[in-house]
Amino acid sequence: MSTVFIPAVLRADVGGVKSLQLEGDTIRAVVGSLVERHPSLGSQLLTDGGDLNRFVNVYVNGQDVRYLAGLDTPVAPADEVRLLPAMAGG
Amino acid sequence: MPRSYADLLREARAQVPEVSPQQVDALPSGAAVLIDVREASEWEQGHLPGARHISKSYIEGQIEGAVPDRDTPVILYCAAGVRSLFAAQTLTEMGYTDVASMSGGFQAWKSAGLDFETPVVLSAEQKQRYSRHLLIPEVGAAGQARLLGSKALLVGAGGLGSPAALYLAAAGVGTIGIVDFDIVDVSNLQRQIVHTTDRVGERKVESARKSINALNPGIKVVPHEEMLVAENVERIIAGYDVILDGTDTFETRYILNDAAVAAGIPVVHASVFRFEGQLTTFIPFEGPCYRCLYPTPPPPELAPGCSVAGVLGVVPGILGLLQATEALKVLLGIGHTLAGRLLLFDALETEFTELQLRRDPNCPVCSDAAVLARAEGRPLTVDGVRVEAPFLMPMTGFGGAVAVPGGTVPAPATPAPPGRTVAAPATPALPAAPEAQA
């Protein structure tokens, strides 16, 4: 299972935890596991068509999946997945 | 047995190879480290181009910092070629393997008609004020003079801008512009340390100016008491060497990004949320820009500002200081900035995480196609369809949404399919639309 870090702004949807251990061998599968467990995240992370919303960046081991294989980016059990929307505060 | 000065000099000459000024002048750039071992007052009268100054009195203590590798070729010089012989002897004793002394010193160099540089001379007050900078080889008098001649723009005199303003002023960044149209509120003072309780109700730019000049009266503060919008951004940022983005709205961040990319000005970006912050440095065309990182802003509920979500006061303090650090490095041209890296800070875990960023080849602002379209004064198009992106600046050739009075008419909304190459075909530019009211 990979470790998925939840941004502070979304933690209320996952019971306040900072990270979750989730199944899945691709980003699509990992995000699917996350949304299955916490359905309120679905509309925040994914478009109606099932793509990642463009305002949420997803990194696997520090690399942006947009420049890997997007939702099809492979995820190994020890990998760290990080969801990251932009922050506004200054 | 006592030895005379003449004995010591003879021994030094026997031990240390000497090179003539002409030989030094003929060396390819970077072939050897040139060190001027005269006193500071002599250095200030002029020195060899590219030389570093380490007074003979400090040579033992400072040489390892300046030349860490003992096999690096080093050439020392002084005024007439004697002090440098003794200093070279010392370096040889310290294990430096390739040390020479320039015969005849700076006098012979000048007599040969060779070029020399005259360093910027700081005033006595400046030398005292910035003495801890002057001791750092990477800054020194030349770096301090560079800072004094630099211009930094703070967009926002809030949580991020406050510490940055104070430290940039303390560091001697000669001109500090501040964009803020707000007034000081008592709820700001939990983190916005450039303001004070007795200035509640005062304009933030004026309050910040007072604090900056109280700390360092030599700093010129340029107040821009207006909201940064598409219509004024180019005017406001013109002439600045670096910009610190400390705003709290996405619209301002995108507008600033677009204009800074077009103007080629680096932007040090930071943003905060409760216990966490993000930081990076955008160097136009060398690394990604804000739109490469975040093509689209999140909906408001996913990105509340500090006034809605709250923030631990020290978090913008830390991020603002890191912004100031990045800005100083950009201005001095030293170290490695965060260009291409996003630094995340989590105060609750006291944890820093680094993510890799890339330039988006389809970026509507900094991609090659976008640059070409802008240069030709026409909108960026993908397969003949105008690119749509949030808050794209109107009237600047960036394309995107067309602003009209009373609202914004979106450009044809056909997003580029994934993987499609952005092109800038020579389509006729759309007629310029009047600017929207912000």
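Trainee: Is Gly161(B) buried or exposed?

Mentor: In this predicted model, Gly161(B) counts as buried, because it has 31 C-beta neighbours inside 10 Å, and the cut-off for burial is 20 or more.

Trainee: Which helix is Gly161(B) found in?

Mentor: Gly161(B) belongs to helix α10 of chain B, which covers residues 161-171.

Trainee: And which residues is Gly161(B) in contact with, leaving aside neighbours within four places in sequence?

Mentor: Those contacts are Leu154(B), Gly156(B), Leu244(B), Gly246(B) and Gly320(B). As for Val194(B), 33 residues away along the chain, its C-alpha atom is separated from that of Gly161(B) by 8.3 Å.

Trainee: How many residues of α10(B) are buried?

Mentor: Nine of the eleven residues are buried, so the helix is mostly covered. Besides Gly161(B), the buried residues include Pro163(B), Leu166(B), Leu168(B) and Ala171(B).

Trainee: What follows α10(B)?

Mentor: Gly172(B) follows the helix, and its phi is positive, near 90°.

Trainee: Now the open sheet in chain B. What is the strand order?

Mentor: The five strands are arranged as β1-β5-β4-β2-β3, with parallel pairing. The edges are taken by β1 (18-19) and β3 (52-53) of chain B; each has a single partner strand, so one side of each lacks a neighbour in the sheet.

Trainee: How many bridges join β1(B) to β5(B)?

Mentor: Two bridges join these parallel strands, β5(B) being residues 99-102. Within β5(B), Met102(B) stands opposite Val19(B).

Trainee: Which helix lies across β4(B) and β5(B)?

Mentor: That is α5 of chain B, residues 83-93, and it runs at about 175° to β5(B).

Trainee: Changing topic to chain A: what is its secondary structure?

Mentor: Chain A has two helices and five strands, in the sequence pattern β-β-α-α-β-β-β. Its radius of gyration is 12 Å, close to the 12 Å from the globule rule for 90 residues, so chain A is as compact as a globular protein of that length. Along the principal axes, its C-alpha atoms fill a box of roughly 30 × 25 × 25 Å.

Trainee: What percentage of chain A is buried?

Mentor: Buried residues make up 36% of its 90 residues.

Trainee: Finally, how many residues does each chain bring to the contact between A and B?

Mentor: Chain A provides 16 residues and chain B provides 33. On the chain A side, nine are nonpolar, five polar and two charged.

How values were computed
Residues numbered from 1 in each chain as written. Chains lettered and ligands numbered in written order. Predicted model: local features only at pLDDT ≥ 70, side-chain atom pairs only at ≥ 80, totals over all residues. Pairing = 2+ DSSP bridges. Helix = DSSP H or I, 4+ residues; strand = E, 2+ residues; numbered from the N terminus. Contact = placed C-beta atoms within 7 Å. Axes fitted to C-alpha atoms, helices over the stretch in contact; angles between N-to-C directions. Buried ≥ 20, exposed ≤ 12 C-beta atoms within 10 Å, placed from the backbone. Nonpolar A, V, L, I, M, F, W, Y, C, P; charged D, E, K, R; others polar. Rg over C-alpha atoms; globule rule 2.2 N^0.38 Å.
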